[in-house]
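Hi everyone, thanks for making time for this. I'll walk you through one structure today, so please have a look at it while I talk.

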Amino acid sequence: MIGSRVMAVGDVHGEYEKLKKLMRRIKFDPAQDILIFLGDLIDRGPESLQCFDYVMHLQKQYPDSVIYLMGNHEREMLDYFDALAETKDELGVRLLNRTSEWLAYGGDKTLPQLQKLGAKALQNRLDYARSLPLFYRIGDYYFCHAGVDPDVPLEQQQEKDLIWIRDEFYHNYHGKETIVVGHTPIQNRKNLWKDVTWDMYPLIRDNRIILCDTGAYLEDGRLSCIDVITKFVWQA
Ligand SMILES: [Mn+2]
């Protein structure tokens, strides 16, 4: 483990070109490094399926050194297909498509890609997405997509907090483990956090939180990877 890197990658959201560029810059070494994708590989950007498949294959190839964590977008995709399987007719499908939160928040970019897959290939992706872990823990570091309920021990965290929580966690977390998350583009906190120098790098907060989502899909956004040990950052 000496000299090895423990790296976290923020929300990719379908930005496959940035993902490939970032991977070239990282020079990931599966024999030495741990590489954690913090979830939300899909939706919003143009190439969700490519991002999903790339990380799925990498993770299957190096199961001991690559971790793909569940994000709220992966969960909502699964919820959509679960609901779709329950619909009885065309009207039901239209109603689902009009009310789906997944489609409303960027899944509309992903769905057409998935619909081009054969039934077996689609099922293969959904089964894999369903198997994604909610957190990863190593040493004093705890990785999850969104954050933790600050009033609950790490061992007892619930899925809804791990993939959805925001401000309650950012403001009230005071645990001794460092929590590494994506989920909220740091640009979206610009008006709220006056103590920050906004250089578009992952934010390292005083209360042991590292925020890695630098809004890859936004116009001024970047995809970031941080080595949580040295705090070295790579971007694309
Ligand atoms: Mn998210």
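Let's start with a word I'll need a few times: a residue is buried if 20 or more other C-beta atoms lie within 10 Å of its own, exposed if 12 or fewer, and partly exposed in between, with the C-beta atoms placed from the backbone. Keep in mind that this is a predicted model, where local features need pLDDT of at least 70 and side-chain atom pairs count only at pLDDT 80 or more, while totals for chains, interfaces and linings use all residues. Residue numbers start from 1 along each chain, as its sequence is written.

Okay, the whole chain. Of its 236 residues, 36% count as buried. What about the radius of gyration of the chain? Taken over C-alpha atoms, with the globule rule being 2.2 Å times the number of residues to the power 0.38, a compact globule with 236 residues would come out near 18 Å, and the chain has 18 Å, so the two agree. The C-alpha atoms fill a box of roughly 55 × 35 × 35 Å along the principal axes.

For the secondary structure, we have eight helices and ten strands. These are DSSP runs numbered from the N terminus: H or I for helices, at least four residues, and E for strands, at least two.

Now the domains, whose bounds come from an automatic or database domain assignment. Domain 1 covers 6–72 + 134–235, and domain 2 covers 74–129. Their centres, over C-alpha atoms, are 25 Å apart. In the contact between them, domain 1 puts in 16 residues and domain 2 puts in 13; contact here means that the C-beta atoms of two residues, placed from the backbone, lie within 7 Å. Which helix gives the largest share on the domain 1 side? That's α2, residues 48–61, with four residues. By class, that side of domain 1 has seven nonpolar, seven polar and two charged residues. For those classes, Ala, Val, Leu, Ile, Met, Phe, Trp, Tyr, Cys and Pro are nonpolar, Asp, Glu, Lys and Arg are charged, and the others, Gly among them, are polar.

Next, a helix pair. Helix α3 (residues 72–86) and helix α5 (residues 101–115) pack at about 95 degrees, with axes 10 Å apart. The axes are lines fitted to C-alpha atoms, for helices over the stretch in contact, and the angles run from 0 to 180 degrees between N-to-C directions. Under 35 degrees is roughly parallel, over 145 roughly antiparallel, 65 to 115 roughly perpendicular, and the rest oblique. So α3 and α5 are roughly perpendicular to each other. Among the residues making this contact are Met-77 and Tyr-80 of α3, and Trp-102 and Thr-110 of α5.

Finally, some single residues. Arg-44, in the loop between β2 (34–37) and α2, has a positive phi, near 75 degrees, in a residue other than glycine. Is Arg-44 buried or exposed? Arg-44 is buried, because 22 other C-beta atoms lie within 10 Å.

Arg-208 also has a positive phi, near 60 degrees, and sits in the loop between β7 (203–205) and β8 (209–211). With 17 C-beta neighbours inside 10 Å, Arg-208 counts as partly exposed. Asn-207 is in the loop between β7 and β8 too, and is partly exposed with 14 such neighbours. Leaving aside neighbours within four places in sequence, Asn-207 is in contact with Tyr-173 and His-174.
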